[in-house]
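I opened this notebook to record what I looked up in one structure. The entries follow the order in which I worked.

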Amino acid sequence: MNRIKTYSEFWFFYLQEHSNATNRMLHFIGTTFVFIFLITGLVTQNYKLIWLCPLAGYAFAWVGHFKVEHNRPATFKYPFWSLISDFKMYFFFLFGKLNAEIEKSKSYKF
């Protein structure tokens, strides 16, 4: 696969790498824990909780990739875009717009 050059191209690649609904749900759960630890840590000023954010986010995501989707997380090659896309996917899912994005991504070949 050639290196992806633009974020909009990456976004559709990212969605294809998350084609399994169970994988997407695991990402959603992990990202929810990220928000819980981040907000709780800031509100209670227990900043040690913030250190749990990467652990929670990656633990669920990597189980989704290695055990469910059977692919390699895009984080290894595109760390910044992957982080952005995880949050983008989270909010698209939360507001019921993710399925439409997944359908659009199917027309792209990587």
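**Entry 1. Glu 101 and its partner**

I began with Glu 101, which is buried because its relative accessible area of 9% falls under the 20% cut-off. The model I am reading is predicted. I then looked up the partner of this residue: Glu 101 forms a salt bridge with Lys 104, and 2.7 Å separates the closest N and O atoms. Both residues belong to helix 5 (residues 98-105), where they stand three residues apart, about one turn of the helix. I noted that Lys 104 is partly exposed, since its relative accessible area is 45%.

**Entry 2. Salt bridges**

How many salt bridges does the structure hold? I found two. Besides the pair in Entry 1, I recorded a salt bridge between Lys 106 and Glu 103, with the closest N and O atoms 2.8 Å apart.

**Entry 3. Cavity search**

I searched the whole structure for cavities of 30 Å³ or more and found one. I read a volume of about 50 Å³ for the largest cavity. Its lining consists of Arg 24, His 27, Phe 28, Thr 31, Asp 86, Met 89, Tyr 90, Phe 93 and Leu 98. Which helices each supply at least two residues of this lining? They are helix 2 (21-44) and helix 4 (79-94). By class, I listed five nonpolar, two polar and two charged residues in the lining of the largest cavity.

**Entry 4. Largest pocket**

I next turned to the largest pocket, which holds about 310 Å³ of space. I counted 20 lining residues, and those nearest the centre of the pocket are Gly 57, Tyr 58, Thr 75, Leu 83 and Asp 86. At least two residues of the pocket lining come from each of helix 2, helix 3 (52-69) and helix 4. Helix 3 gives the most, with seven residues. I classed the pocket lining as twelve nonpolar residues, seven polar and one charged.

**Entry 5. Nonpolar surface patch**

Finally, I looked up a nonpolar surface patch of about 380 Å², made by Met 25, Ile 29, Phe 33, Ile 36 and Phe 93. Helix 2 gives the most to this patch, with four residues. I checked one member, Ile 36, which is placed in helix 2.

Note on methods. Residues are numbered from 1 along each chain as its sequence is written. This is a predicted model: local features need pLDDT of at least 70, side-chain atom pairs count only at pLDDT 80 or more; totals for chains, interfaces and linings use all residues. Side-chain values use heavy atoms; hydrogens and water are left out. On a 1 Å grid over the protein atoms alone, a cavity is a set of points where a 1.4 Å probe fits but cannot get out, and a pocket is an open set with protein on both sides within 12 Å along at least five of seven lines; lining residues have an atom within 4 Å of a point. Grid points are joined across faces, edges and corners, and a volume is the space filled by probe spheres set on the points. Ala, Val, Leu, Ile, Met, Phe, Trp, Tyr, Cys and Pro count as nonpolar, Asp, Glu, Lys and Arg as charged, and the others, Gly among them, as polar. Patches are made of residues with over 30% relative accessible area and no salt bridge: like charges are joined within 9 Å, nonpolar side chains (Val, Leu, Ile, Met, Phe, Trp, Tyr) within 5 Å. Accessible areas come from the Shrake-Rupley method with a 1.4 Å probe; for residues, only the protein chains shown count as cover. A salt bridge is a side-chain nitrogen of Lys or Arg within 4 Å of a carboxyl oxygen of Asp or Glu. Buried means under 20% relative accessible area, exposed over 50%, partly exposed in between (1.4 Å probe, protein chains only).
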